[in-house]
Amino acid sequence: MNGTNKTSHLVRVALDLGPLMVFFGAYEFFGIFVATACFMVAVLAALGFGYVRERRLPPMPLFTAVLVLVFGGLTLYLRNDIFIKMKPTVLYALFAALLLGGLAFNQLLIKHVFSQAFELSEAGWRSLTWRWGAFFVVLAALNEFVWRHFSTSTWVYFKVWAVIPLIFLFALAQTSLILKHEIRADAEK
């Protein structure tokens with residue numbers, strides 16, 4: 001990976017994780033309602049910065065921003081933190097429905113997300129889609145369990161310090177599947 005690509009990747013990670021860190025920091029000092037407002041502003045700022053930098057709005061961050069604004073807005077308007085706690089469940093359930101529903105129509109939607117990173121055989125994309133779809137179902141269920149059975153503080157720590165490592169570890173666990181099904185450009189020559 002050259003320097004420009006590495007910098008671009010790091011900026012993308014910062015834009016994706018930055019609003020979550022703002023949410024956590026604001027929660028630590030000011031509570032859930034201020035954190036929710038800060039999260040909404042940070043998501044819009046990240047989206048705006050990303051647009052200025054890339055001259056496009058990627059679909060996943062845009063969709064996530066819309067959910068943050070809707071559920072965050074409900075949280076603030078109704079002064080009820082249940083809505084911001086439900087946002088991840090809705091997001092993960094929608095991702096699962098898109099991936100698994102796409103399979104029902106023979107659409108490998110995950111291919112659109114990862115095709116710039118690697119190219120897989122049809123069976124590889126299908127397996128990866130099943131795995132990520134199931135993983136998002138598990139994340140949705142976990143989020144529901146945590147916010148319904150634990151304190152807001154526990155849920156915030158779970159959202160920030162457990163979900164991100166879980167996603168990273170799950171992605172890393174897909175390495176063997178990717179290597180098994182990867183189509184290499186040099187092999188086609």
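**Entry 1: the order of elements**

I read along the sequence and wrote down the pattern α-α-α-α-α-α-α-α-α-α. In total I have 10 helices and 0 strands. Helices here are DSSP runs of H or I with at least four residues, strands are runs of E with at least two, and both are numbered from the N terminus. I then looked up the radius of gyration: 18 Å, close to the 16 Å of the globule rule for 189 residues, so the chain is as compact as a globular protein of that length. That radius is taken over C-alpha atoms, and the rule is 2.2 Å times the number of residues to the power 0.38.

A note on what I am reading: this is a predicted model, in which local features need pLDDT of at least 70 and side-chain atom pairs count only at pLDDT 80 or more, while totals for chains, interfaces and linings use all residues. Residues are numbered from 1 along each chain as its sequence is written, and side-chain values use heavy atoms, with hydrogens and water left out.

**Entry 2: the whole chain**

I put a box around the C-alpha atoms along the principal axes, and they fill roughly 60 × 35 × 25 Å. Of the 189 residues, 37% count as buried. My cut-offs are under 20% relative accessible area for buried, over 50% for exposed, and partly exposed in between (1.4 Å probe, protein chains only).

**Entry 3: the core**

Which residues have the most contacts inside the largest nonpolar core? They are Leu128, Trp132, Phe136, Trp155 and Val156, in a core of 44 residues. By nonpolar core I mean buried Ala, Val, Leu, Ile, Met, Phe, Trp, Tyr and Cys residues joined through side-chain atoms within 4.5 Å. The elements giving two or more residues to this core include α1 (3-30), α4 (82-104), α6 (122-149) and α7 (152-161). The largest share, 9 residues, comes from α6. I checked Phe136 too: beyond its neighbours within four places in sequence, Phe136 is in contact with Tyr92, Phe95, Ala96 and Leu99.

In helix α3 I stopped at Phe71. Phe71 counts as buried at 11% relative accessibility. Not counting residues up to four places away in sequence, Phe71 touches Phe83, Ile84, Met86, Lys87 and Val90.

I followed one of those partners, Met86, into helix α4. Met86 is partly exposed, with a relative accessible area of 26%. Setting aside neighbours within four places in sequence, Met86 is in contact with Phe71, Glu144 and Trp147.

Phe63 is also in helix α3. Is Phe63 buried or partly exposed? I have it as partly exposed, at 32% relative accessible area. Its contacts beyond four places in sequence are Leu91, Leu94 and Phe95.

Thr89 lies in helix α4 and counts as buried at 12% relative accessibility. Away from its neighbours within four places in sequence, Thr89 is in contact with Ala140, Asn143, Glu144 and Trp147.

Thr152 belongs to helix α7. Thr152 counts as buried at 19% relative accessibility. What does Thr152 touch, not counting residues up to four places away in sequence? I listed Tyr27, Ile32, Asp81 and Lys85.

**Entry 4: positive phi in the loops**

A reminder to myself: most residues other than glycine have a negative phi. Arg79 sits in the loop between α3 and α4 and is exposed, with a relative accessible area of 54%. I marked Asn106 as well, which is not a glycine and has a positive phi of about 60°. Asn106 is in the loop between α4 and α5 (110-114).

Notes. Contact means heavy atoms within 4.5 Å.
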